[in-house]
Structures are given as C-alpha cells and as structure tokens.
Amino acid sequence: MTSAQIDRSASAADAGLTTTKAPFIEQAQKSGQLYIHQPYELYNEDNHEAWRRLYDRMADRWRKYANHRFLQGIDVLCLDPKRMPRLEDVNKFMAPLTGFRAKPVSGYVPAYLFFDCLRQREFPTTISIRDKEKLDYLPEPDIFHDIAGHVPMHTDKAFADTLVRFGEAARTAAEIVGAVKDRDERVRRVTSIFKALARFFWFTIEFGLMKSEDGKSLKVYGSGLLSSYGEIAHSIDSPEVQRFPFQLEWVINQYFEIDHYQPLLFYVDSFEHLFEQVGVLEQWMKQGKLNNVSPGEPSMSEADVQSFLEAGRAA
Ligand SMILES: [Fe+2]
C-alpha cells in the first residue's frame with residue numbers, strides 16, 4: 001500500500017460530517033433518502049471544534065442582542081458549548097415544552113414538505129457542520145444554524161404555535177391551487193403564493209427583529225441573525241440597515257437576496273403579534289390577495305412547485 005493510499009483511507013474513515021464533505025450525507029442523497037438519523041459517532045474532532053468555536057464567540061452576542069425568549073430557550077435546551085449536539089437530547093428537553101422535535105434531513109426539503117413538517121411540529125434539521133476554518137460564510141444551513149439559531153425559539157409556546165400556523169397556511173395554499181383547473185394558471189398562482197409565504201418566513205423566522213420588553217430597543221429573534229456572528233450586531237447597530245415596523249403588504253412584495261447582510265429588516269411587537277399576522281396572511285391568501293405579488297426573489301424550484309401541486313391533488 002502506498003502512502004497516498006494510506007492517507008486516503010485514513011481520511012475516509014475520519015471524514016466527519018462537514019458541510020463540504022460528508023460521505024454519509026452524500027450517500028443518503030444518492031439513494032433518495034431525505035429523512036435520516038444522526039450518526040453521532042461520525043462527527044470528528046474538527047466538527048466538535050467548529051461547534052465549540054461558533055458557540056463560544058456567539059455567547060456574548062446572544063446576551064447582548066437576542067430576544068429574552070431565545071436566551072431562555074438556550075438555557076432550557078442545555079446545549080453543550082463544547083460538543084456537537086445530539087438531536088435526541090435536544091428533543092428530550094424541547095418536546096415536553098411545545099411538542100416540537102428536530103428531525104434530521106439529508107439536505108434541501110422541498111417547500112411544501114418543509115412547511116408541512118412545521119404543521120406537525122417537526123423541524124427539518126441539517127446534521128452537518130461548517131468547516132472549522134470557515135466559520136463566517138455559509139450559503140446553506142448547517143447544524144449550528146438549525147440547532148443554535150432556530151431550535152431555542154421552538155421552546156417558546158407562542159413562537160411554536162406561529163410555526164404550526166404557518167404550516168397550516170401552506171396546506172391552505174395547496175388546497176387553493178389544487179382547485180385551479182388550468183395547469184399554467186395553477187403554477188402561476190402557486191408561484192405567487194409561495195413568494196408571499198417565503199418572504200414572510202424570511203423577514204420573520206429567519207431575519208426578524210422584535211421590540212424589547214420595555215419597548216425602547218430592538219432585539220433579534222430571526223435565526224439567520226442568531227447564528228451569524230457578524231450580522232447579529234450589524235442588524236441592530238449598523239446605520240446602514242433600515243428597520244421598519246412589520247407591514248404585511250410590504251413584506252410579501254419585498255424581494256430579498258441571501259448572499260450578503262440584509263439591508264432591510266422588519267420588527268414585530270411580540271410573538272402574539274407575529275402569530276396574528278400569519279393568520280392575516282392566510283386570510284389574504286383565501287381572498288386572492290397573494291395571487292399577484294411582485295416578481296423577483298425568491299425563485300421557486302421545480303421540486304418546490306411539485307411539492308405543492310402533489311399536496312393539492314391529495315387534498
Ligand atoms: Fe433557517
């Protein structure tokens with residue numbers, strides 16, 4: 001055996017579950033397995049080190065910028081700052097509070113399936129983690145974003161109910177478009193409604209701000225911000241960011257780009273306010289008010305369209 005062969009076999013055995021390189025995930029994707037388990041033994045020391053570094057530098061920023069419900073969620077989940085989280089442990093703490101569970105997935109979940117998981121209090125969760133040398137930029141979610149950014153919010157009842165209501169709104173969307181006879185019109189309409197849903201989700205669940213308890217400042221509850229060392233501070237402190245009270249008609253027509261810090265953010269008064277707004281979104285959908293939202297990002301993939309149309313047929 002040559003030294004090159006030895007190196008290769010050694011690295012294959014210790015490939016870990018890194019976003020850029022995870023044979024276990026690649027295999028699952030190849031065989032079409034979307035829902036998987038978390039093979040905890042596959043995490044290597046680099047993976048644990050990446051988690052430790054990410055957690056370590058976020059801790060102070062969370063205390064300074066995060067909404068207090070998030071801080072309570074972090075405490076309740078008892079995440080280990082030094083080791084990769086076990087989803088089983090996370091669920092043990094979370095499920096009794098709100099019924100939510102983290103559900104491991106191998107990659108992108110088509111839009112309707114994602115929303116429908118929320119309706120059933122399941123949160124599709126990435127199990128790989130970014131490279132320990134590239135902590136800042138990540139085009140796709142990883143376990144730090146999903147478990148440290150999203151899941152602590154799911155311990156809050158009003159927030160958890162909001163996600164469920166969002167999933168119910170997606171089901172209503174599938175039913176509405178499923179009743180449209182003409183295929184082209186069906187696709188056009190589902191695309192418009194999807195943009196509205198995705199924009200709402202983006203400007204709230206991913207990048208939302210909220211008034212602080214005393215109403216004098218803004219705090220972060222969006223998971224894209226809560227999992228970003230640079231952007232969490234930028235979102236609150238930078239004079240370059242425009243921050244407006246949440247306005248549904250604006251949000252559903254506002255395009256967004258994912259590859260840079262967000263220049264425009266919206267704040268809600270409370271999670272009860274957010275919950276109520278998802279209800280209004282669904283009402284507007286039923287009234288046809290989401291059928292012609294402005295074009296632009298986000299785009300809808302063929303898999304996203306199909307997921308809604310199939311759900312509509314089944315309804
Ligand atoms: Fe996210």
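Which residue stands opposite Leu264 in β6? I looked it up: Gln242 does.

I noted the ground rules next. The model is predicted; local features need pLDDT of at least 70, side-chain atom pairs count only at pLDDT 80 or more, and totals for chains, interfaces and linings use all residues. Residues are numbered from 1 along each chain as its sequence is written.

I then followed the pairing on the β5 side. Strand β5 covers residues 242-245 and runs parallel to β6, with four bridges joining them. Strands here are DSSP E runs of at least two residues, numbered from the N terminus. I take two strands as paired if DSSP finds at least two bridges between them.

I turned to β3, residues 209-211. Two bridges link β3 to β6, again in the parallel sense. Leu209 has Tyr267 as its bridge partner in β6. For Met210 the partner in β6 is Val268.

I checked the whole sheet. It is open, has four strands in the order β4-β3-β6-β5, and its pairing is mixed. β4 (218-220) and β5 are the edge strands, each pairing on one side only. Neighbouring strands are turned by 35 degrees against each other on average, direction ignored; the axes are lines fitted to C-alpha atoms.

Last, I asked why β6 is largely enclosed by the rest of the structure. Four of its five residues (264-268) are buried, so the strand is largely enclosed. Buried means 20 or more other C-beta atoms within 10 Å of the residue's own, with C-beta atoms placed from the backbone.

Methods:
Buried ≥ 20, exposed ≤ 12 C-beta atoms within 10 Å, placed from the backbone. Axes fitted to C-alpha atoms, helices over the stretch in contact; angles between N-to-C directions.
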